[in-house]
Amino acid sequence: MAGNILRWGMLVIVLGSLARSHPDKQPNIVFILTDDQDLQLGGMEPMTKTLELLGKKGMTFTNMFTVSPLCCPSRSSILTGNYVHNHQAYNNSLTGNCSSQTWQKGPEKNTIATQLQANGYQTFFAGKYLNQYGGPTVGGPQHIPPGWDEWNGLIYNSVYYNYNLSVNGRLETHKDDYHKDYLTDLIHNRSIEFLKSKRWPWNPFFMMLSTPACHRPFDSAPQFTRNFTNKKAPRDKAFNTRTTDKHWLVQQAPHPMSDESIAFIDDTFRKRWRTLLSVDDMVADVVNTLEQLKLLDSTYIFFASDNGYHLGQFSLPNDKRQMYDFDIKVPLIVSGPGIKANTKNADPVLTIDLMPTFVELASGTAPTDVDGRSLVPLLVPKNQTDPWRTDILIEHQGEYLVHGVENCSHTGYMSECYPFCICEDSYNNTYSCVRTITSKENHILCQFSDSQNYREFYDITADPFQLTNKVSTLDPKFLEDLENRLIELSVCEGSSCRKA
């Protein structure tokens, strides 16, 4: 008996030594990331529980932007805190460096997970990671990205049924039984299981819950299939409009849209909202479980999306990848210790700011070797004297199929031609933009890498739907200054990206 007590005492000492020496009150962090959830088209409206539990009790950022309106580049930026031109995961393909061996040997070794694990956190991941994760040429399901203690990674891209997971390096196959396989609910259930039974009591924790909602194929849980039956996609001023002053890819969309196309868009809108209801339930259960476990007061909860979405704007049926606010503006809501309830912040913030924010919350110090800037001074204002940035960079490298899309003529060097063979990306839909937001200015300049060196400029204050390209009317000196700033940001690294 005495021997058992002695061995137990030694085990406690050993386990205690494994928890790295940090202040006793390191907060827990929960990060909920949705897929393709827009802000401009009402993407947060169906999430009434999230708005109540997080929005009314925390801070909502009204000018949150993705640094790239495409899943893998955006998610790579979230993980690393770096712009696309620095982590070099340019699109969703292996050749575009999405979860490639090059990515694994470089950027993947310095992410949210590795930083927080090094600061004593137990780390948990469930859901979509990167679009090419788990493929046979990049390590298969045996590859667990560094820094994750509990790993439930979706192999390949977002789906809701009939998928494979890597569960701590072991292949787990799922089919189409809602009660066992619906991916959003699986993420939900495993997060609660982690909180209740797998969490280490001597360490703070970081949970990243990365849902497939509201990405295609838009499969909702069966109990929600009849919700929103009377809803239609928003008919904003850009909906079903013809454009003659935008990049050729946008101009090629047929106008006016057919009745069939509009019906497809409305159906897609309803289906997207339905998928989000399961996320809303997950948020509520996570918050309630944290409260039951007496952890809520010591936990920060972040809710965000990787990129926005459009449905009929400029007669483009459905996708992301464009430089307009509907594709680049995303939700961000944060609640937690010291954050004033029901507040809003209009400073321009970015997906690359999440990683340094988490690190500062964990360690007390933001990393200096990343492009993003910690949001802690905005979340918990003290004696903030450093001015916040006013200029941000958006980057996209177009994806394409050399021979085009099968059964869609005249689509060579284009892609994403669904539905009705209307293409939404191409090899020269490659651009970089500088977005400026101050108390007096709100505008965007984009430069395309094509044979025309096409440019677009919008004054968002005067033209919030970005209907009229004003680049030809700009004062030459003003345009030159913007172009120089865009060049600076396009090659920035670390501190030069963060300067105001």
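C433 and C446 are both buried, where buried denotes a relative accessible area under 20%, exposed over 50%, and partly exposed in between, computed with a 1.4 Å probe on protein chains only. A disulfide, defined as a pair of cysteine sulfur atoms within 2.5 Å, joins C433 to C446 with an S to S distance of 2.0 Å. The torsion about this S-S bond is 110 degrees, which makes the link of C433 and C446 right-handed. Because C433 belongs to strand β16 (residues 431-437) and C446 to strand β17 (residues 442-448), the pair ties together parts that are 13 residues apart in sequence. Helices (H or I, at least four residues) and strands (E, at least two) are DSSP runs, numbered from the N terminus. The model is a predicted one, in which local features need pLDDT of at least 70 and side-chain atom pairs count only at pLDDT 80 or more, while totals for chains, interfaces and linings use all residues. Residues are numbered from 1 along each chain as its sequence is written, and side-chain values use heavy atoms, with hydrogens and water left out.

By the distance rule, the count comes to 5 disulfides. When the bonded cysteines of the protein are numbered in sequence order, the pairing reads 1-2, 3-5, 4-6, 7-8, 9-10. One of the disulfides is formed by C408 and C421, with their sulfur atoms 2.0 Å apart, and the torsion about its S-S bond is about -75 degrees, so this disulfide is left-handed. The pair links distant parts of the chain, with C408 in the loop between β13 (391-396) and β14 (414-415) and C421 in the loop between β14 and β15 (425-426), 13 residues apart. C408 counts as buried at 11% relative accessibility, whereas C421 is partly exposed, with a relative accessible area of 34%.

A further disulfide is formed by C72 and C98, whose sulfur atoms lie 2.1 Å apart; with 100 degrees about the S-S bond, this link is right-handed. Since C72 lies in helix α3 (residues 71-80) and C98 in the loop between α4 (84-87) and α5 (101-105), the pair ties together parts that are 26 residues apart in sequence. C72 is buried, at a relative accessible area of 0%, and C98 is likewise buried, at 0%.

Helix α3 is largely enclosed by the rest of the structure, because 10 of its 10 residues are buried. Among these buried residues are C71, C72, P73, R75, I78 and L79. The helix is followed by G81, whose phi is positive, near 80 degrees. C71 is in no disulfide, and the nearest cysteine sulfur, that of C72, is 8.3 Å away; C71 counts as buried at 0% relative accessibility. For C214, the closest cysteine sulfur is that of C71, at 10 Å, which is too far for a bond, and C214 counts as buried at 1% relative accessibility.

Elsewhere, helix α2 (residues 48-55) and helix α10 (residues 259-292) pack at an angle of about 35 degrees, with their axes 8 Å apart; axes are lines fitted to C-alpha atoms, for helices over the stretch in contact, and angles run from 0 to 180 degrees between N-to-C directions. The contact (heavy atoms within 4.5 Å) is made by T48, K49, T50, L53 and L54 of α2 and by D280, D281, V283, A284 and V287 of α10.
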